[in-house]
Amino acid sequence: MANRDTPNGLKPVRYASGKPYDGAHNLYYVPAGEGDAMFIGDVVKEVGLIGATGLAYFGIPVDLMPQCEVFDAADALARGVVVGFYPNPNALGTNHKPASTAAIVMVADDPDLIFEVQESGTITGVTQVEAVGLNTDLVMGTGNATTGTSAVEIDSTVTPVTTTLTVRLVRPVNRPDNEQGANLRWEVKFVEHSGLSATGIA
């Protein structure tokens, strides 16, 4: 049976040690100047502090809270994956961060996390069996404002390689509803992660 084509971004499932993901996350501030919408399962990058004092988000001080923005293909280092949003009292029914809207975002940012994510098609250049342990990139897509879920997927047009790319293909998800072929779901780990980099973020 063919795999379902249901991209929903990256979902944390366990740590590299085998310990199940326990919901741990850190809070990051996204100022209203961030023009991209943000969805659960999106990859984000860290961008330092806001650079001002006395700022608050519905009474929560944010001037010393690290900031994040949506990660895109041109970025070098990811920070983690969005797993939720701090409630906005003025928009309690919103399940994502609309564009140009401030938010406090919950980010699963441990560099040892393993995530589940779908391929955008079928990996090119090597077989899916040969791709295990190699590195590849992600394609961002546009999230679903109704469900609040991300559209990030493994970029199947990129041939997995041994050189540095965004994520490592750890192994296919071992589940009856997942099989070799288009839209295979993988377990992946960040290779380009700001928590692993020997140099500081810009």
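Mentor: Two strands pair if DSSP finds at least two bridges between them, and strands are DSSP runs (E, at least two residues) numbered from the N terminus. This is a predicted model, where local features need pLDDT of at least 70, side-chain atom pairs count only at pLDDT 80 or more, and totals for chains, interfaces and linings use all residues. Residues are numbered from 1 along each chain as its sequence is written, and side-chain values use heavy atoms, with hydrogens and water left out.

Trainee: OK, how many bridges join β13 to β14?
Mentor: Five bridges join these antiparallel strands, and Pro-172 stands opposite Trp-186 in β14.

Trainee: And what about β9 and β14?
Mentor: They also run antiparallel, joined by four bridges, with Phe-115 opposite Val-188 of β14.

Trainee: Is β14 mostly covered or exposed?
Mentor: Mostly covered, as six of its six residues are buried, meaning under 20% relative accessible area with a 1.4 Å probe and protein chains only. Trp-186, Val-188 and Phe-190 point one way from the strand, and Arg-185, Glu-187 and Lys-189 the other.

Trainee: Switching topic, where is Arg-79?
Mentor: Arg-79 lies in the loop between β6 (67–70) and β7 (80–85).

Trainee: Why does Arg-79 count as buried?
Mentor: Because its relative accessible area is 17%.

Trainee: What does Arg-79 touch?
Mentor: Leaving aside neighbours within four places in sequence, its contacts (heavy atoms within 4.5 Å) include Tyr-28, Asp-109 and Ser-194.

Definitions and conventions. Buried means under 20% relative accessible area, exposed over 50%, partly exposed in between (1.4 Å probe, protein chains only).
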